Amino acid sequence: MARISRNFLVTGAAGLALAGCMTADAKVPSASTPITPAEAQQGAQAHPQLLAEFGGAMSGSQAAYVEQVGKNIAVQSGLGNARESFTVSLLNSPVNNAFAIPGGYIYTTRQLVTLMNSEAELAAVLGHEVGHVAARHSQRRQKAATKNSLLGLGGALLSGLLLGDSGLGQTLSRTFLQGSQLLTLKFSRSQELEADALGIQYLGNAGYDRRAMGTVLASLAAQNALDARLSGQNASVPAWASTHPDPASRVQNALAKAGAAGTNSVSNRDTFLSRIDGLIYGDDPAQGVIEGSTFIHPELRLAFTAPQGFYMVNGTRAVSIQGQSGKAQMTTAAYNGNLETYLRSAFAAAGGQNSNLAPQTIERTTVNGLPAAYGIARVNNGNSQVDLVVFAYEFARNSAFHFVAIAPAGRAGTFNPMFQSMRRLSATEAGAVVPRKLQVVTVARGDTVSSLARRMAYDTAQEERFRVLNALSSSATVTPGQKVKLVVRAR
């Protein structure tokens, strides 16, 4: 959670479902249908807001490399002036995501790039997003979204490669959509299939191994399953499965669509690995880090611990806390020194169209030396009732933070341990936060999967993480001279 401004699009994306493949080649739009001035203007207006929402655009050689691959694959779309018309951004975000908006704006997060294992896989992901732009999927969904009172036109701009669903009730959904990075606008199955087919076609036209779409799907499926297991979620039935096929079920379809590798097709694996060496992996300390069940922000100098059985997702604007018995966010807003006014404003913001939402009472307290206040409102949510809790803390005269939590009526106490865990971070604790980064190493004689995995900067599931990161099956071994990725602490 970085320091945030107030004007952002309603966006988000932490799910792990890559779009699928059609059974027949899609038609590439002709060069007679270039990006229009209106589309370019629409994308240009949204671009700065999306950069801010997803941690900002990275710069340097790694970002330049991603841009180069993206523009090279965009040329295959047949859109007029494709190389000049597309803007490709590498985002400083710890979630696995890629998306596009009208006007030729293509995005991938650094975290998704670290999961890839070849330049062909990078081209596959970016080609999928180019396909969304070429097929004008955002424009079609934008028209449909005008009828959607929760997302509106801002959310309709996103052409998501990776999809998720926060699962919140309609009454309070907007609160948890803003900045949580937990929901990307859903596209129809046929649109996702079409974009995937176009991406595979672009791969072949550019000389890449068309099977890369299937292999990156396999890595996403493996990462999805591992993340779910480590966070205690049920990986067998993801929330988005009813409308979007999960990556595990689509790997074989993608590989079948791609066919056998061509004699001249390339993957550029070693080149890719050398170019992404050193990328930040996971949370950037400037946005706060999640260590186990604790969130630590060294710059904002705060820390808190999620309740047992809950997991966290760190977004640019908020930290989201998810569990079977409720959901919450920790964020901030403008503060004028009056904690009660701040609390009431947070309730009003949570209510959205129900701007009269207010707590039944406001209680003042102190938590670990921090002045605090909290309130509860009971809200009808479809056929049931839920309790909405706002718990706010004053850190300085002009600085406050708060949780917004939602739970079934009478069960908001689930979050009490988290509310009581909020504390100031000492200078020593803040200085001890060191980011993780990707390190590409060459397997030496005597190295094994087990020995290499022990070098991973994690206390748990080291070998599982290593295998998923390097697309190694449970029985695969490593050989001397092979390049592999590790996650280590930055020095």
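Reader: Which residues in H2 meet Thr271, Phe272, Arg275 and Ile276 in H12?

Author: They are Ser61, Gln62 and Tyr65, where contact means heavy atoms within 4.5 Å. A word on the source: this is a predicted model, in which local features need pLDDT of at least 70, side-chain atom pairs count only at pLDDT 80 or more, and totals for chains, interfaces and linings use all residues. Residues are numbered from 1 along each chain as its sequence is written, and side-chain values use heavy atoms, with hydrogens and water left out.

Reader: At what angle do the axes of H2 and H12 cross?

Author: Axes are lines fitted to C-alpha atoms, for helices over the stretch in contact, and angles run from 0 to 180 degrees between N-to-C directions. The axes of H2 and H12 (residues 269–276) cross at roughly 140° and come within 9 Å. Helices (H or I, at least four residues) and strands (E, at least two) are DSSP runs, numbered from the N terminus.

Reader: How far apart are the end C-alpha atoms of H2?

Author: The expected span of a helix is 1.5 Å times one less than its number of residues. For the 14 residues of H2 (residues 61–74) that should be 20 Å, and the end C-alpha atoms are 20 Å apart, which agrees.

Reader: Which residues of H2 are buried?

Author: Buried means under 20% relative accessible area, exposed over 50%, partly exposed in between (1.4 Å probe, protein chains only). In H2 the buried residues are Gln62, Ala63, Tyr65, Val66, Val69, Gly70, Lys71, Ile73 and Ala74. When you look at such a list, recall that an α-helix has 3.6 residues a turn, so residues three or four places apart point the same way.

Reader: Now to sheets. What is the order of the three strands in the open sheet with E5?

Author: Strands of a sheet pair through backbone hydrogen bonds, either parallel or antiparallel. Two strands pair if DSSP finds at least two bridges between them. Here the order is E5-E17-E18, with antiparallel pairing. Strand E5 (280–281) and E18 are the edge strands, each pairing on one side only. Seven bridges join strand E17 (residues 436–442) to E18, and Val440 stands opposite Lys485 in E18.

Reader: Which strands does H12 lie across?

Author: H12 lies across E17 and E18, at about 15° to E18. H17 lies across E5, E17 and E18, running at about 130° to E18.

Reader: Where does Asn470 lie?

Author: Asn470 is in the loop between helix H17 (462–469) and strand E18 (483–489). Asn470 is buried, with a relative accessible area of 4%. A polar atom of its side chain lies 3.0 Å from the backbone oxygen of Phe466; a polar contact is a pair of N or O atoms within 3.5 Å, where within protein one must be able to donate a hydrogen and the other to accept it, and residues adjacent in sequence count only if both atoms are side-chain atoms. Leaving aside neighbours within four places in sequence, Asn470 is in contact with Asn117, Val484 and Lys485.
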